[in-house]
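Trainee: Could you take me through one part of this model in close detail? I would like to begin with the charged side chains and then move to what surrounds them.

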Amino acid sequence: MLADSYGRVATDLRVSLTDRCNLRCTYCMPPEGLEWLPKPELLTDDELHRLIRIGVTMLGITEVRFTGGEPLLRRGLPGIIAAATALRPRPKTALTTNGIGLARMAPALAEAGLDRVNVSLDTLRPDVFERLARRRRLPDVLDGLAAAADAGLVPVKVNAVLMRGVNDDEAPDLLAYCLERGYELRFIEQMPLDAQHGWRRDTMITADEILDLLGTRYDLAPDDTEERGSAPAERFLVDGGPATVGVIGSVTRPFCGACDRVRLTADGQIRNCLFAREESDLRPLLRDGGTDEEIAERWRAAVARKMPGHGIDDTGFLQPARPMSAIGG
């Protein structure tokens with residue numbers, strides 16, 4: 001198992017397939033983008049297959065989520081997914097995407113065995129989308145959501161980040177849009193993971209504020225029908241249910257004590273937390289003849305050092321050197 005010293009066991013592997021992205025969201029990166037990882041530093045498809053196999057068959061991983069950057073930019077993505085879903089025991093699989101290109105790729109992803117998708121959608125207004133993402137691609141995202149549902153990649157989950165004075169007035173409209181189409185909406189507090197290090201807690205829309213905004217149109221009640229467990233979202237019944245909306249209060253309502261995630265970056269680093277400042281490099285073992293057991297042991301040792309929490313409230317908190325696009329969601 002991938003156990004840490006606080007009794008948590010990692011069973012959810014987040015695999016970043018690339019640090020590249022085709023949007024330039026203001027809460028993630030500057031307008032000009034970032035310096036991407038050189039291709040030789042990226043894990044190959046075969047190296048990814050091997051690490052996922054080790055995680056699933058030797059270390060107790062039961063769910064694999066493919067992230068980025070933007071994972072749809074990774075060539076060979078359906079083959080990577082198919083290799084994961086062919087493992088026994090078969091892990092659950094998911095993909096977190098900005099939705100650009102999903103309309104075209106959804107059928108192939110479903111055929112490869114992908115179970116479901118999470119798609120980022122922060123606004124329904126084209127002008128606000130361009131302001132946030134610095135691209136005119138809102139129709140592509142909406143088409144991608146519909147294609148994912150048509151391909152059976154359900155439940156389709158939608159992730160939204162509210163920015164003060166930009167799109168915070170759209171919370172009820174976003175929920176209405178998702179309810180009409182059967183999507184599961186989850187609002188996420190903005191986190192200090194932007195490349196510009198411009199995040200400020202006093203300007204962030206908090207979980208409490210999100211609930212207040214939704215409460216102007218909907219009646220919300222905590223969903224006690226199932227255990228939350230390690231799920232990051234607090235779920236609320238909308239107007240008595242059965243539909244729900246989720247709120248992920250990573251900053252103001254941290255869930256570190258139940259965290260079951262471990263992250264693999266596109267260049268082969270193991271990270272225990274989005275906000276970790278230390279990584280464990282598996283790539284040398286992969287490329288220098290390390291055995292599966294040697295790789296597994298280094299992975300176990302990395303997870304054993306996991307900190308008790310992300311430390312955002314600590315006076316000495318520092319953002320990680322890598323931005324979200326290079327870590328993987």
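Mentor: Start with D4 and R8: their side chains form a salt bridge, with N and O 2.7 Å apart. The term asks for a side-chain nitrogen of Lys or Arg within 4 Å of a carboxyl oxygen of Asp or Glu. Both D4 and R8 are buried. Buried means under 20% relative accessible area, exposed means over 50%, and partly exposed is in between, with a 1.4 Å probe and protein chains only.

Keep the basis in mind. This is a predicted model, in which local features need pLDDT of at least 70, side-chain atom pairs count only at pLDDT 80 or more, and totals for chains, interfaces and linings use all residues. Residues are numbered from 1 along each chain as its sequence is written, and side-chain values use heavy atoms, leaving out hydrogens and water.

Setting aside neighbours within four places in sequence, C256 contacts R8, P308, G309 and H310. Contact here is heavy atoms within 4.5 Å. C256 sits in the loop between β9 (244–248) and β10 (261–264). Its relative accessible area is 17%, so C256 is buried. R305 lies 49 residues from C256 in sequence, and their C-alpha atoms are 14 Å apart.

The structure holds 21 salt bridges. Another of them links R53 and D292, with the closest N and O atoms 2.9 Å apart. R53 belongs to helix α1 (residues 45–58) and D292 to helix α9 (residues 292–304), so the bridge ties together parts 239 residues apart in sequence. Helices (H or I, at least four residues) and strands (E, at least two) are DSSP runs, numbered from the N terminus. R53 is partly exposed, at 29% relative accessibility. D292 is partly exposed too, at 22%.

Now the two helices themselves. The axes of α1 and α9 are 10 Å apart and meet at an angle of about 75°. That makes the two helices roughly perpendicular. The label covers 65 to 115 degrees; under 35 is roughly parallel, over 145 roughly antiparallel, and the rest oblique. Axes are lines fitted to C-alpha atoms, for helices over the stretch in contact, and angles run from 0 to 180 degrees between N-to-C directions. On the α1 side, the residues that meet α9 are R50, L51, R53, I54, G55 and M58. Their counterparts in α9 are D292, E293, I295, A296, W299 and R300.

One more bridge to look at joins R271 and E279, at 2.7 Å from N to O. R271 is buried, with a relative accessible area of 2%. E279 is partly exposed, at 30%. Elsewhere, salt bridges with shared partners connect R50, R53 and D292 in one network.

R271 is also part of a strand. β11 (residues 269–271) pairs with β12 in the antiparallel sense over two bridges. Strands pair if DSSP finds at least two bridges between them. Q269 stands opposite D281 in β12. The open sheet has 12 strands with mixed pairing, in the order β7-β8-β9-β6-β5-β4-β3-β2-β1-β10-β11-β12. β7 (220–222) and β12 (280–281) are its edges; each has a single partner strand, so one side of each lacks a neighbour in the sheet.
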